[in-house]
Amino acid sequence: SRVLSYGFESVRHNDAGLVYSAVVTSWTTHFDFQAAVGLDAILEYEVCYDSNQNQIPCGGTPEPASTEVYTHSLSMLRMIFVMNAEFLLNLDRIVQKKMSTLYRLSRCTESL
């Protein structure tokens, strides 16, 4: 990959000094990326209760007797995003592998 090649070449530079270790982190932990995808936004959710203080679906019938609004913490948003990003990257890898197999099969059938 280009990122690994860049990292390797940059530590081989004469002005880099002696490298003892390297830390590799996920791109989802970069603060600029998190701001770009809106992780700094406030995410609220509402919980509704009937007259007996039993939790009920909001916006339905019967009308809720009381509601409470909660907000997710920024650390919770980051955790949810990272979990989803890893899932989507894995899904993307699977789709790319299937597409590559399909391409090779179509090339084989063309040669017949």
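Valine 11 counts as partly exposed, because its relative accessibility is 38%; the class covers values between buried (under 20% relative accessible area) and exposed (over 50%), found with a 1.4 Å probe and protein chains only. Valine 11 belongs to helix α1, residues 2-11. Its C-alpha atom is separated by 9.6 Å from that of alanine 22, which is 11 residues apart from valine 11 along the chain.

The structure is a predicted model, in which local features need pLDDT of at least 70 and side-chain atom pairs count only at pLDDT 80 or more, while totals for chains, interfaces and linings use all residues. Residues are numbered from 1 along each chain as its sequence is written, and side-chain values use heavy atoms, with hydrogens and water left out.

**Overall layout**

The chain contains 3 helices and 3 strands. Helices (H or I, at least four residues) and strands (E, at least two) are DSSP runs, numbered from the N terminus. Read from the N terminus, the order of elements is α-α-β-β-β-α. Of the 112 residues in the chain, 9% are buried. The chain exposes about 9,900 Å², and 59% of this area is supplied by carbon and sulfur atoms; accessible areas come from the Shrake-Rupley method with a 1.4 Å probe, and for residues only the protein chains shown count as cover.

A contact means heavy atoms within 4.5 Å. Among the contacts in the chain with a separation of 6 or more, 41% are between residues 24 or more positions apart.

Confidence is given as pLDDT, the predictor's confidence in each residue, from 0 to 100. The average for the chain is 79, and 87% of the residues score at least 70. Helix α2 (residues 31-36) has the lowest confidence in the chain, with a mean of 71, and β2 has the highest, at 89.

**The disulfide**

There is 1 disulfide in the structure, a disulfide being a pair of cysteine sulfur atoms within 2.5 Å. Cysteine 48 and cysteine 58 form this bond, with their sulfur atoms 2.0 Å apart. Cysteine 48 lies in strand β1 (residues 44-49) and cysteine 58 in the loop between β2 (55-56) and β3 (66-71), so the bond ties together parts 10 residues apart in sequence. The torsion about the S-S bond is about 115 degrees, and the disulfide is therefore right-handed. Cysteine 48 is buried, at 2% relative accessibility, whereas cysteine 58 is partly exposed, at 33%. Cysteine 108 is also partly exposed, with a relative accessible area of 47%.

**Loop residues**

Glutamine 53 lies in the loop between β1 and β2. Its phi is positive, about 65 degrees, although the residue is not a glycine. Asparagine 54 is placed in the loop between β1 and β2. Leaving aside residues up to four places away in sequence, asparagine 54 touches Cys48 and Tyr49. The C-alpha atoms of asparagine 54 and alanine 65 are separated by 9.8 Å, and the two residues are 11 residues apart along the chain.

Isoleucine 42 is found in the loop between α2 and β1. In sequence, isoleucine 42 and leucine 74 are 32 residues apart, and in space they are 8.0 Å apart from C-alpha to C-alpha.

| Residue | Relative accessible area | Class |
|---|---|---|
| Isoleucine 42 | 68% | exposed |
| Glutamine 53 | 51% | exposed |
| Asparagine 54 | 42% | partly exposed |

**Helix α3**

Side chains of opposite charge can pair when their charged atoms come close. A search of the whole structure finds 1 salt bridge, defined as a side-chain nitrogen of Lys or Arg within 4 Å of a carboxyl oxygen of Asp or Glu. Arginine 107 forms the salt bridge with glutamate 110, and their closest N and O atoms are 3.6 Å apart. Both residues lie in helix α3, 3 residues apart, or about one turn of the helix. Arginine 107 is partly exposed, at 47% relative accessibility, and glutamate 110 is exposed, at 59%.

Leucine 88 is also found in helix α3, which covers residues 74-111. At 52% relative accessibility, leucine 88 counts as exposed. Phe87, Leu88, Leu91, Val95, Met99 and Leu102 form a nonpolar patch on the surface, and together they have about 600 Å² of accessible area. Patches are made of residues with over 30% relative accessible area and no salt bridge, joining like charges within 9 Å and nonpolar side chains (Val, Leu, Ile, Met, Phe, Trp, Tyr) within 5 Å.
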